[in-house]
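Please look over the sequence and the structure below before reading on. The briefing that follows takes up a helix, a ligand site, a loop residue and the overall fold in turn.

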Amino acid sequence: MKVDSAGSPQFVKLSFVLIIFFAINLMWHGLQAREDTAKMVVPPNLVINVDHRSTVSLNGKWHVIIDPYENGYYDYRYLPSKNGYFKNAKARNKTELIEYDFDKSEALNVPGDWNSQQDKLFFYEGTIWYKKSFDYQRKPNTRVFVYFGAANYHAIVYLNGQKLGEHVGGFTPFNFEITKLVREPRPSQEGSPSAVSSGRTNRVSSIPTVHFDNEGRGEKDNFLIVKVDNKRLREGIPTVNTDWWNYGGLTRRVELIEVPETFIRDYFIQLKKGSLKTVAGWIQLDGKQSSQTITVEIPEANVKQTFNTNADGYVEFEFDAELQLWSPENPMLYDVLIKSQPDSLSDSIGFRSVETEGTKILLNGKPIFLRGICIHEQAPKSKARAYSKEHAETLLGWAKEMNCNFVRLAHYPHNEYMPRTADRLGVLVWSEIPVYWTILWENESTLKNALSQLTEMITRDKNRASVILWSVANETPVGDARNEFLKTLVERAKSLDPTRLITAAMEKSYEGRNKPVINDPFGQYVDVLGCNEYIGWYEGLPDRCDLYTWGTIYDKPVIISEFGGGALGGFHADKDTRWSEEYQEYLYEKQIKMLEKVPFMAGTSPWILTDFMSPRRPLPRIQDYWNRKGLISDKGKKKKAFYVMQRFYEKHKQNEQ
Ligand code: GCB
């Protein structure tokens, strides 16, 4: 083919312009992508104590589009598309090509993981788009936030086609302000917002009868769209390798939070470190009336204190009070009222101290032995992730039945009902972030991510008396880069909350054949050492426990934060048969005998309360993708070892009295 113009000055000019254009375009998208990654891990200004605020639930059915190729996000050049699914587009005439339709797509329950809701999603890891339409009438002089209890793992949130922001981390809450973006009913619609939707339907199987006006209003005034992606990432927190189900989706509640224009966003009200009567803390307002007078009242303790916030809406305070202390035996919660102009907010707060003295943990100044159990966020008797108050009641109820005064909430922050229920039932809590196994220690964005998950966990739960331990890691391999990484987390935890103890679940090593020792160098940075060990399961048979005498290089309390072995509920055989309840029972008996002799042991939390789902556990007819180390089966039936722990803890309880 003859091309006349090739080589001509115009052609060269045009090519040059085009090249520059594409280069700028590429750079721009590249930069944007990088900026997005950096922004993603910065926690938003979390609104705490959702339970005591005015909220509108967005729970229920959400339409979803399963999008394994992220077609709704990237164009065919793999660049973020301007017209992704977040636009919620509809064909405006019979010729227009739109290749998706939320309103004709299937629906899933929120809160809830997607894996347990449809067989085809059981192993799914990737993107699913969620859409919820809603009407909303904003009250005068209020602000509105959309709040997510958690979305696993990476969420990008859009309201009415506009991006609100994104969040990384599957187990902590986040929110975005939507005051200016939320659409209120049009004047003609007032009083009957559904009038416009008459004759329209969003039923999954119907013909396309939903019409959109040129603002994109459909059957409701607003549409909220969330892209949730649970792909495991090498640089993620957690990383690709774990031992639990990677439940994806909007796994916790979604709410609109309604607050006055200036409101109490966050506060810390706890006993001052080292004191049993001085309450110390701070309050953070959000809004224009930043400098003002606020009061803190605890009516039952005759407390009424007044403080002035500074120009940033912040105040620190301290006052003395005669308080009944919170403890597992007496889980006393006070109504605490914070009053500002024009907001007021209440919370149920318990007051207790926690510290260490040598190898002891002291609660309210007295040594306490932690009679614990580990718990995953596995819904009781179900293949789903737990998310509700009822789940929390059942799980903690079982722990109490075992005579526990302590739970280790593994391996990530559980939903807020857990620490709140623990507060009420008198159960002490270890709360941790999913810094698990082989994290990319030298990757800067991985550290940022861990820091933001830690910050969000502490921000949400720092007023819960039940929570005594923040854990920064589980079974991470010893090494300098890991020590540095974890040290940074400890520093952050201490700066956010100087009152609680810091821990991590570590491993032991050996001095000679029969002397396990706790000597992980990272131990120097924590207050309490957690140690996971599987003698009798991964390491020899249960009788091996008889040989061991434990040692430590630290003058600090040690919690045996995991031990245990698997048993299929209802399978009975002799004590030497793996997977039988008798093997597990015997292992527990031997472990207890060994651990009772460890002088520096301040508590135990065996692995684990209930069977939980894990892709690492495929053994047919025994595991079937369940980790069987539960003391309670996936059907909710107690195994024999449950009663071994129950008796051991009963004995401890008696000795304490
Ligand atoms: C561990 C891990 C825990 C596993 C458990 C097991 O050491 O901390 O997440 O599930 O062992 O069952 O192997």
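**Helix α3 and what follows**

Just after α3, G426 adopts a positive phi of about 80 degrees; helices here are DSSP runs of H or I with at least four residues, strands are runs of E with at least two, and both are numbered from the N terminus. This is a predicted model, in which local features need pLDDT of at least 70 and side-chain atom pairs count only at pLDDT 80 or more, while totals for chains, interfaces and linings use all residues. Residues are numbered from 1 along each chain as its sequence is written, and side-chain values use heavy atoms, with hydrogens and water left out.

- Helix α3 spans residues 417–425 and is mostly covered, with seven of its nine residues buried, where buried means under 20% relative accessible area, exposed over 50% and partly exposed in between, for a 1.4 Å probe and protein chains only.
- The buried residues of α3 are Y417, M418, P419, R420, T421, A422 and D423.

**The ligand site**

- An N or O atom in the side chain of H411 is 2.6 Å from an oxygen atom of the ligand, and for the side chain of N474 the corresponding distance to a ligand oxygen atom is 3.0 Å.
- A polar side-chain atom of Y534 lies 3.3 Å from an oxygen atom of the ligand.
- Taken alone, the ligand exposes 320 Å², of which the protein buries 96%; accessible areas come from the Shrake-Rupley method with a 1.4 Å probe, and for residues only the protein chains shown count as cover.

**A465 in its loop**

- A465 is found in the loop between α4 (444–461) and β24 (467–474), and A465 counts as buried because its relative accessibility is 0%.
- Leaving aside residues up to four places away in sequence, A465 touches W326, G350, R352, D423 and R500, contact being heavy atoms within 4.5 Å.
- A465 and L333 are 132 residues apart in sequence, yet 8.6 Å apart in space, C-alpha to C-alpha.

**The protein as a whole**

- The protein has seven helices and 33 strands, and 59% of its 657 residues count as buried.
- Among contacts between residues at least 6 apart in sequence, 73% join residues at least 24 apart.
- The protein exposes about 27800 Å², and carbon and sulfur atoms supply 52% of it.

Terms used:
A polar contact is a pair of N or O atoms within 3.5 Å; within protein, one must be able to donate a hydrogen and the other to accept it, and residues adjacent in sequence count only if both atoms are side-chain atoms.
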